[in-house]
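Hi everyone, thanks for coming. I'd like to walk you through a model I've been looking at, so let's get it up on the screen.

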Amino acid sequence: MSTSVKALPAGLKDVEKGSSLWADAYVRLKKNKLAMLGGIIVISILITCFVIAPILSWIGFDGNEQDLANKFAGPSTKNLLGTDQLGRDLLMRVLQGGQISLLVAIMATMLTVTIGVIYGGIAGYVGGRIGNAMMRIVDGLLAMPFLIIVILFREVISGQVDEIARFLIDDWGWNDNDVLRFANLIPLTFAIAGFGWLSMGRIVRSSAASLAQQEFVEAARSLGLSHRRILFRHILPNMLGPIIIYATLTIPSFILYEATLSYIGLGIEPPNSSWGKLIQEGANYLETNITVLAVPAVLFSLTLFAFNFLGDGLRDALDPKASKD
Amino acid sequence: MLRIILSRLLQTLVVVFLLVTFTFFAIRMMPGNPFADVKALTEENKAAMERLYGLDKPLHIQYANYWKNVLLEGDFGDSFSMKGRKVSTLISESFPISLKLGLLSLFLAMSLGIPLGIIAALFHNKWQDYTAMIIAMAGICIVTFVLGPIFQLSFAKPLSWLNVAGWSRPSDVILPAITLCFGVAAYLARLTRGGMLDILSQDYIRSAKAKGVSQLNIITKHALRPALVPAVTFLGPAFAAIITGSFVVESIFLIPGMGQYFVLGIQNQDYTLVLGLVLFYGILMGIANLMSDLALIFMDPKLRNS
């Protein structure tokens with residue numbers, strides 16, 4: 001680096017290399033303390049649920065083992081956060097519940113992004129009557145009551161998933177316990193994504209539509225590039241910002257959907273558990289022992305906070321113009 | 001103006017028609033049948049039940065019959081799962097309860113969220129802004145089924161004039177309404193802040209400042225009305241969703257509102273109940289959107305010409 005660099009304002013040190021959109025965004029993100037804190041909490045929660053929890057269960061902590069003589073026990077070396085209404089280890093229950101909550105939300109977000117980007121991208125790029133008609137379908141579905149559409153999807157899909165699960169167990173000899181546990185998550189994931197992609201599709205469509213009008217797309221078109229190539233090579237990379245922002249903000253809303261559905265008994269089924277289910281069970285013992293409600297509720301709310309602050313921070317960083325709400 | 005109202009209403013009718021059609025056929029793709037839960041049901045009884053509700057006819061005839069009953073006789077049919085009850089009775093009994101709860105909680109949400117958003121925007125990037133936005137984020141992240149039990153424990157228990165749950169005293173509306181309002185208030189605060197920041201950076205506000213208009217006058221006379229546009233756009237659909245009841249809040253506080261039927265209906269595969277609810281909800285959504293459109297036209301003169 002040359003000495004003249006020192007005279008430049010902070011964040012512009014790499015003038016020789018030029019600073020990309022992403023480098024600029026990272027500098028802005030680092031200045032946002034709440035967003036950085038959110039990011040750190042998100043990473044710690046992911047590590048705790050998916051790395052530390054398996055290690056704990058490997059060294060002998062078990063979230064499913066009942067010990068009825070030891071109900072609502074306080075913290076001890078055997079049960080670090082005490083036990084629940086059936087004498088199960090609360091810490092392990094909450095971490096395993098978190099695995100399911102996060103897994104469902106992340107899988108559903110990936111589905112949402114895939115469907116939303118393809119549908120919204122096509123609707124925005126094609127535009128005109130077809131694009132409009134595609135968006136009217138989305139508007140129509142958004143006018144459906146959320147619970148009805150989610151439960152409908154869930155029920156319709158669960159029949160198919162059961163068949164596939166049976167096939168895997170009977171014909172391919174897969175471990176039936178694992179398959180059934182995972183198969184239980186799929187209908188819920190699809191149901192949440194089945195509703196969630198609608199907003200994603202709208203956001204992608206509006207940015208694809210405005211990009212499709214721009215000169216570089218016209219240039220690509222006049223060079224005779226195929227529609228698919230224009231869409232995936234030229235329009236999609238330019239939409240990455242809004243997509244990443246929205247995906248980050250979608251994860252907490254899906255964690256919330258999953259928890260709501262599990263809370264009302266239409267989500268996760270035993271032996272799986274999730275934060276929503278744990279909060280619902282804990283609320284029954286509100287007066288006996290508040291920790292069974294407090295531990296999952298605090299971790300759940302903390303996760304929502306962290307994801308939302310990170311998402312807001314990413315939006316401020318990547319898209320400074322749209323950062324006001 | 002009249003043209004806008006008419007075209008909106010027409011749009012609503014088309015959307016409701018499509019929604020009911022979609023639901024009508026989609027709900028039959030669900031595994032099982034509406035009477036699977038009724039115990040000791042012989043094949044004969046089942047066939048008789050299906051005949052009674054007209055389910056033995058071909059699907060397109062059933063579909064035509066449904067519209068014929070709804071449009072010509074105003075009959076939404078009998079509920080399958082709640083025997084002897086008409087869908088229209090179920091809705092007309094439970095809707096006023098949800099409406100009362102919803103309106104109170106919307107009022108609370110607006111009187112909490114909008115001022116919070118204005119304060120945040122006026123003190124942009126100062127501690128007041130950060131505090132307001134952290135409060136708003138708490139409203140989004142601390143959800144009803146966490147808040148509800150906390151309220152029950154901390155207010156209903158010590159205060160004798162509040163019931164923990166139930167719907168018998170006038171005061172029973174208070175706790176659920178407060179529980180329900182925070183999420184909406186949070187979104188309103190964020191949207192109001194965004195709208196306000198947008199407007200405050202406009203040239204005409206700077207002109208007003210330069211002419212020496214007082215801060216209070218700038219906010220109330222010049223900035224507030226256009227700044228509320230995003231919040232009002234959000235309020236339309238939110239209004240429809242809230243006055244039709246929230247299953248979670250209703251089940252925490254044991255309120256006989258409408259939210260429960262959205263879950264019970266589809267869980268029991270109660271075709272007529274679900275269709276009736278979708279129809280009702282779609283119409284409400286259309287009316288709510290129309291009201292928010294009209295409010296927007298009043299608030300933003302630029303929209304009047306387009």
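What percentage of the 325 residues of chain A count as buried? The answer is 41%. Keep in mind, as we go, that this is a predicted model.

Let's stay with chain A for a bit. How many helices and how many strands does chain A have? There are eleven helices and zero strands. If you read along the sequence, you get α-α-α-α-α-α-α-α-α-α-α. Now look at the contacts in chain A between residues at least 6 apart in sequence: 70% of those join residues at least 24 apart.

Okay, let's zoom in on one pair of helices. Two packed helices are described by the angle between their axes and the distance between the axes. Take helix H8 of chain A, residues 215-222, and helix H9 of chain A, residues 227-263. Their axes come within 11 Å and cross at roughly 150°. An angle over 145 degrees counts as roughly antiparallel, so that is how H8(A) and H9(A) run relative to each other. The crossing is a right-handed one.

Which residues do the meeting here? From H8(A) we have Phe216(A), Val217(A), Ala220(A) and Arg221(A), and across from them in H9(A) are Ile230(A), His234(A) and Ile235(A). By class, that contact has five nonpolar residues, one polar and one charged.

How many residues of chain B are in contact with chain A? It's 37, and they contact 28 residues of chain A. On the chain B side, the helices that give two or more residues include H1 (2-26), H5 (127-141), H7 (174-200) and H13 (271-299). That side of chain B divides into 30 nonpolar, four polar and three charged residues.

Let me pick out one residue, Cys141(B), which sits in helix H5 of chain B. Buried or exposed? Cys141(B) has 22 C-beta neighbours inside 10 Å, so it counts as buried; the cut-off is 20 or more. Leaving out residues up to four places away in sequence, Cys141(B) touches Ser301(A), Leu304(A), Phe305(A) and Asn308(A). For a bit of scale, Cys141(B) and Phe80(B) are 61 residues apart in sequence, and their C-alpha atoms are 38 Å apart in space.

The axes of H7(B) and helix H9 of chain B, residues 215-227, come within 8 Å and cross at roughly 130°. That makes H7(B) oblique to H9(B). The crossing is right-handed. On the H7(B) side you have Thr192(B), Gly195(B), Met196(B), Ile199(B) and Leu200(B), and they meet Ala223(B), Pro226(B) and Ala227(B) in H9(B). Six of the residues in this contact are nonpolar, two are polar and none are charged.

That's my tour, so over to you for questions.

How values were computed: Residues are numbered from 1 along each chain as its sequence is written. Chains are lettered from A and ligands numbered from 1 in the order in which they are written. This is a predicted model: local features need pLDDT of at least 70, side-chain atom pairs count only at pLDDT 80 or more; totals for chains, interfaces and linings use all residues. Two residues are in contact if their C-beta atoms, placed from the backbone, lie within 7 Å. Helices (H or I, at least four residues) and strands (E, at least two) are DSSP runs, numbered from the N terminus. Ala, Val, Leu, Ile, Met, Phe, Trp, Tyr, Cys and Pro count as nonpolar, Asp, Glu, Lys and Arg as charged, and the others, Gly among them, as polar. Axes are lines fitted to C-alpha atoms, for helices over the stretch in contact, and angles run from 0 to 180 degrees between N-to-C directions. Angles under 35 degrees count as roughly parallel, over 145 as roughly antiparallel, 65 to 115 as roughly perpendicular and the rest as oblique. A crossing is left-handed if the near helix is turned anticlockwise from the far one by less than a right angle, and right-handed if clockwise. A residue is buried if 20 or more other C-beta atoms lie within 10 Å of its own, exposed if 12 or fewer, and partly exposed in between; C-beta atoms are placed from the backbone.
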